[in-house]
Amino acid sequence: MKNIINRLIRQEILSKEEAKNVLINISSGHYNASQIAAFLTVYMIRSITIDELAGFREALLELCLPVDFSAYSTIDLCGTGGDGKNTFNISTLASFITAGAGIKVAKHGNYGVSSISGSSNVMESLGIKLSADNNFLQRSIDYANIAILHAPLFHPAMKNVGPIRKELGVKTFFNMLGPMVNPSFPKNQMVGVFSLELARMYSYLYQNTDTNFCILHGLDGFDEISLTDETKIISKTTEAILNADSFNLAPLSLHQIKGGETIEESAAIFYTIISGKGTQAQSNVVLANAALAIATLEKTNLLDGLEKAKESLFSGKALQKLTKLQDLSK
């Protein structure tokens, strides 16, 4: 590792195979915490290359504990995190709304690292069991249309670096990797990223897969559709700019979609919104994200997706999916 770190400090880049081997060695416990922290820190200072990102991704997918959802056409709604906006858990709420619209969702997530409350924090707070048990996950997808895949349970390398990431408290290249290493290998993905540069890299990597994907980046820095500004989206066949008008919704301000100051507050906000009792701004931002997910999987237009999302949220179907998952977790 000493040699690798010295090379990176000299602005050298790793080949895809070298990057892959470093992650495999991290997973195997070959390096100590200080070496791993130094390795992560280098990539906060210099940009990661496509080959390095591809190598890291290959290692994590090779080492992961796979989940077999091949019988379903699932979608994952996952953001990189690291946008520093401290919004409530928009993509997780959108995931339940998508599930309530009759779509199978394989939600990959983690505890908050650079944010107060990540997807897994809120799920746990609401009584959802974080498990790698295949029978439980199969029942989740069958009865609730959604399975929660807590990243450290499926990725040994992520588990080893988790405490180090938490102590650093800033986004690292593991934020970049998270959405790309769902252990159930979903056929469809809606991925939010924190920079336009990363959106381009994701697009390049996903073009060489069979995944039906939609990558999005809010141009004011969000890793999701925020309705506060324009959002760049990239799919296999198109690139476009969306804004609130694209959904026939009103533009929002950041303060209208702020998250809680604690995990408990975040969970309370989540439950209020999924119960259909959120503010119009809160509801609209999750509906917009769910609409894009539905449109991505069903290859339909945004406004059709929005109508299905509204029906899911306001009929109580999204809440029913959460309740079923809570019941299965007991």
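Begin by selecting K171 and F194: the charged end of K171 sits over the ring of F194, at 4.5 Å from its centre. Please note that the structure on display is a predicted model.

Next, select R57 and Y206. R57 lies over the face of Y206, and the distance to the ring centre is 5.6 Å. Is Y202 buried or exposed? Y202 is buried, and so is Y206.

Now move to helix 3, residues 33-45. The helix has 13 residues and reaches 19 Å from its first C-alpha to its last, close to the 18 Å expected at 1.5 Å a residue. At the start of helix 3, select N32 and S34: a side-chain oxygen of N32 comes to within 3.1 Å of the backbone nitrogen of S34.

Then colour the buried residues of helix 3, which are I36, A37, F39, L40, V42 and Y43.

Within helix 3, show the side chains of F39 and Y43. These two residues are four apart in the helix, about one turn, and both are buried. A pair of aromatic rings is described by the distance of the centres and the angle of the planes. By the pairing rule applied here, the count comes to eleven aromatic pairs. The rings of F39 and Y43 have their centres 5.4 Å apart and their planes at 75 degrees, so this pair is edge-to-face. For the rings of Y202 and Y206, the centres are 6.0 Å apart and the planes stand at 50 degrees, so that pair is tilted.

From Y43, continue to E52. The side chains of E52 and Y43 are joined by a polar contact of 3.1 Å. E52 is located in helix 4. Why does E52 count as buried? Its relative accessibility is 0%, and E52 therefore counts as buried.

Finally, select T49, whose backbone nitrogen lies 3.0 Å from a polar atom of the E52 side chain. Leaving aside neighbours within four places in sequence, the residues in contact with E52 are L8, I13, L14, A19, Y43, R46 and S47.

How values were computed. Residues are numbered from 1 along each chain as its sequence is written. This is a predicted model: local features need pLDDT of at least 70, side-chain atom pairs count only at pLDDT 80 or more; totals for chains, interfaces and linings use all residues. Side-chain values use heavy atoms; hydrogens and water are left out. Rings of Phe, Tyr and Trp (its six-membered ring) pair if their centres lie within 6.5 Å; planes under 30 degrees apart count as stacked, over 60 as edge-to-face and the rest as tilted. Buried means under 20% relative accessible area, exposed over 50%, partly exposed in between (1.4 Å probe, protein chains only). A charge sits over a ring if NZ of Lys or CZ of Arg is within 6 Å of the ring centre and within 35 degrees of the ring normal. The expected span of a helix is 1.5 Å times one less than its number of residues. A polar contact is a pair of N or O atoms within 3.5 Å; within protein, one must be able to donate a hydrogen and the other to accept it, and residues adjacent in sequence count only if both atoms are side-chain atoms. Contact means heavy atoms within 4.5 Å.
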